[in-house]
Amino acid sequence: MRVNVLVSITPLLVAGIVLAQSESDYQNWMKSNPVNVGSLNKNIAAKDGAAAAADAQKVEATFKQVEEFWKKRGGADDAVNFAMKAQTAAAAIAKDAAAGNFDQASADVKSLQANCGGCHMAHREGAAGSFKIK
């Protein structure tokens, strides 16, 4: 009887731990974005194309992870789409900054941030410091 109970609940415990780790990772990715985008904006303003491109590539890589998180979680195709559009915007920022096209890179940042805001409205609840995934 004890073995059956243990066999029955072990997969649930493992799934809970994996989900918790994934959500913890997700929280860390989200916390890295303001830092990276802040640096990105400063580097665009300073017209430092190489540094801005590097920042944009970090943002793009983060949103690749975000896309995979939402795909694995399921049930939020819009979040997957927001993450994909954020990656596209970040790639455009990197390309434009590297080419010295800082006005376009700034416009691309606005596109990136619009995707962030759309996803936050749909999939984030709570107050600053205690946000949770809906």
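Which residues have the most contacts inside the largest nonpolar core? I began my notes there, keeping in mind that this is a predicted model, in which local features need pLDDT of at least 70 and side-chain atom pairs count only at pLDDT 80 or more, while totals for chains, interfaces and linings use all residues. Residues are numbered from 1 along each chain as its sequence is written, and side-chain values use heavy atoms, with hydrogens and water left out.

**Entry on the core.** I found 30 residues in the largest nonpolar core, and those with the most contacts inside it are Ile44, Phe63, Trp70, Ile93 and Leu112. I took such a core to be a set of buried Ala, Val, Leu, Ile, Met, Phe, Trp, Tyr and Cys residues joined through side-chain atoms within 4.5 Å, where buried means under 20% relative accessible area, exposed over 50%, and partly exposed in between, with a 1.4 Å probe and protein chains only. The elements that give two or more residues to this core are α1, α2, α3 and α4, and α3 gives the most, with 9 residues. Helices (H or I, at least four residues) and strands (E, at least two) are DSSP runs numbered from the N terminus.

**Entry on Trp70.** I looked up Trp70 next and noted that it counts as buried at 2% relative accessibility. Leaving aside neighbours within four places in sequence, Trp70 is in contact (heavy atoms within 4.5 Å) with Tyr26, Ala76, Ala79, Val80, His123, Ile133 and Lys134.

**Entry on the rings.** I counted rings of Phe, Tyr and Trp (its six-membered ring) as a pair if their centres lie within 6.5 Å, with planes under 30 degrees apart called stacked, over 60 edge-to-face and the rest tilted. By this rule the count comes to 4 aromatic pairs. One of them joins Phe69 and Trp70 edge-to-face, at 5.3 Å centre to centre and 85° between the planes. Phe69 is buried as well, with a relative accessible area of 6%. I also noted that Tyr26, Trp29, Phe69 and Trp70 form one aromatic cluster.

**Entry on Lys47.** I then turned to the loop between α1 (2-45) and α2 (49-73), where Lys47 is found. Lys47 has a positive phi of about 55° although it is not a glycine, and I set beside this that most residues other than glycine have a negative phi. Lys47 is exposed, with a relative accessible area of 55%.
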